[in-house]
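This report describes the packing and secondary structure of a single model. Please consult the sequence and coordinates alongside the text.

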Amino acid sequence: MHKTLLAILGAGLFALPATAQDAKMLSKVNAMADKLEPKVIEWRRDYHQYPELGNRETKTAAKIAAHLKKLGIEVETGIAKTGVVGILKGGKPGPVVALRADIDGLPVTERADLDFASKEKSTYNGQEVGVMHACGHDTHIAMLLGAAEILASMKKDLKGTVKFIFQPAEEGAPAGEEGGAYLMVKEGVLTKGPKPEVIFGLHINSQTEVGQIKYRPGGTMASADIFRITVKGKQVHGAYPWGGIDPIVVSAQIINGLQTIISRQTELAEDAAVVTVGSIHGGVRNNIIPEEVKMEGTIRALNTDMQKKIHEKVKLTATKIAESAGATAEVTFQPQTPVTFNDPALTAKMLPTLQAVAGRDNVILSKAVTGAEDFAFFQEKIPGLYLFVGGMKKGSNPEKAPAHHTPDFYIDEAGMKLGVKTLTHLTLNYMEGKGKK
């Protein structure tokens, strides 16, 4: 069994029983979260009804900033265009802990039958689109605001500082713009002002039952890179293909060849990986073989060594197949997000906290997923732990629950209370020293 997994399981199996003081704090925070739940739901519904796209979350950011200020939290706005950062300095010395929530919506037209369904419209890549919180970022905002309210009420007894990071453009910045966690890090969110030792984040999941927490040490979500391949041949009349070099046929061979990188050249027993061609364009007429074909796709990997090898294989496969046909292939890569990597030691230390909050049976060691999360940019700089909390109604079938990024996406709001408790207890327990290495 993997050493990291043994360490995690060991931390959970042999964690010491909670002290009376721990139990008292757990009970106090949980009672506050129970009382706060209606407000958290109200906040979520407001953000859900009025979503905004990445780098355009001006109204969302203004609401967040106003609420933090009411709590007596120092606020800085305009970070990474529309990001908001709140600083809560506790009454006692201690570490700086960062908590992060993403705040942007998606260009998706909502179809769910809700009183607070989004009717918002915007422009995305030159097209008019509906806008929807189709990935649960509205719940992330509400849960972090709930944690902020509880922690602010405990300010004088807080053993350290909390840095609340409300991040724009997690789903990606508009074409030609920078954004998201990358830009926040670039602008110094982790180095200017109080410097956090660790960062915690969570994502609600529409196919995980309410009350459950899923976690994984190490690579938990994949890196995401765009690759682009331009195949150049020789244009010719479609009736006489032997007189030219057909880049369409070459491109088809390249696409098939790329699939063998994963199926035959990648050690899938170690980690999952994906190479997908999602777009291909070439030609303007049925009887003309064009000079050029362009394609692009995505590469997903769960460790950086595998990511590097796949890049090398994609370039080698495309160029050599093209060369064999007398064509050429130009290959470029555009990194998007690194691997979302949960620090193994931090994960092990905080596992007892998760089990105390949700119950041991509700804290589930999960498989890695090949989706990507730009929380990874924070984790490149400081140890981080990224979790999933359940947002699916208890007893529902995960296979039938509406998926993220779809018009029917739906969250059971009963799941948000656990998110509030989790963020709060992780912060308090880390400050108490239970999370230190």
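Which residue of β14 stands opposite H281? The residue is K294. The model discussed here is predicted.

**The four-stranded sheet**

The pairing of H281 with K294 belongs to the contact of β12 with strand β14 (residues 292–301), an antiparallel pair held over nine bridges. Both strands belong to an open sheet of four strands, ordered β12-β14-β10-β15, with antiparallel pairing. Because β12 (273–282) and β15 (328–337) each have a single partner strand, they stand at the edges, and one side of each is left without a neighbour in the sheet. From one strand to the next, the twist averages 20°.

Two helices are in contact with this sheet. Helix α6 (residues 247–265) lies across β10 (223–232), β12, β14 and β15. Helix α7 (residues 304–324) also packs on the sheet and touches β10, β12, β14 and β15. The table gives the direction of each helix relative to one strand.

| Helix | Residues | Reference strand | Angle |
|---|---|---|---|
| α6 | 247–265 | β12 | about 170° |
| α7 | 304–324 | β15 | about 160° |

**Nonpolar cores**

The largest nonpolar core comprises 64 residues, and those with the most contacts inside it are I64, L99, F164, F166 and F200. Helix α4 (residues 137–153) supplies the largest share of this core, ten residues. A second, separate core has 22 residues, among them L258, A273, A318 and A329.

When neighbours within four places in sequence are set aside, I64 is in contact with Y47, V84, I103, I141, L145 and F166.

**The β4–β5 hairpin**

Strand β4 (residues 121–124) and strand β5 (residues 127–130) pair in the antiparallel sense over four bridges. Y124 stands opposite Q127 in β5. Two residues lie between the strands of this hairpin, where N125 takes a positive phi near 50°.

**Helix α10**

How many of the 16 residues of α10 are buried? The number is 15, so the helix is largely enclosed by the rest of the structure. Its length can also be checked: at 1.5 Å a residue, the 16 residues of helix α10 (residues 416–431) should span 22 Å, and the end C-alpha atoms are 23 Å apart, which agrees. Just after α10, G433 takes a positive phi of about 100°.

Note on methods. Residues are numbered from 1 along each chain as its sequence is written. This is a predicted model: local features need pLDDT of at least 70, side-chain atom pairs count only at pLDDT 80 or more; totals for chains, interfaces and linings use all residues. Side-chain values use heavy atoms; hydrogens and water are left out. A nonpolar core is a set of buried Ala, Val, Leu, Ile, Met, Phe, Trp, Tyr and Cys residues joined through side-chain atoms within 4.5 Å. Buried means under 20% relative accessible area, exposed over 50%, partly exposed in between (1.4 Å probe, protein chains only). Contact means heavy atoms within 4.5 Å. Two strands pair if DSSP finds at least two bridges between them. Axes are lines fitted to C-alpha atoms, for helices over the stretch in contact, and angles run from 0 to 180 degrees between N-to-C directions. The expected span of a helix is 1.5 Å times one less than its number of residues.
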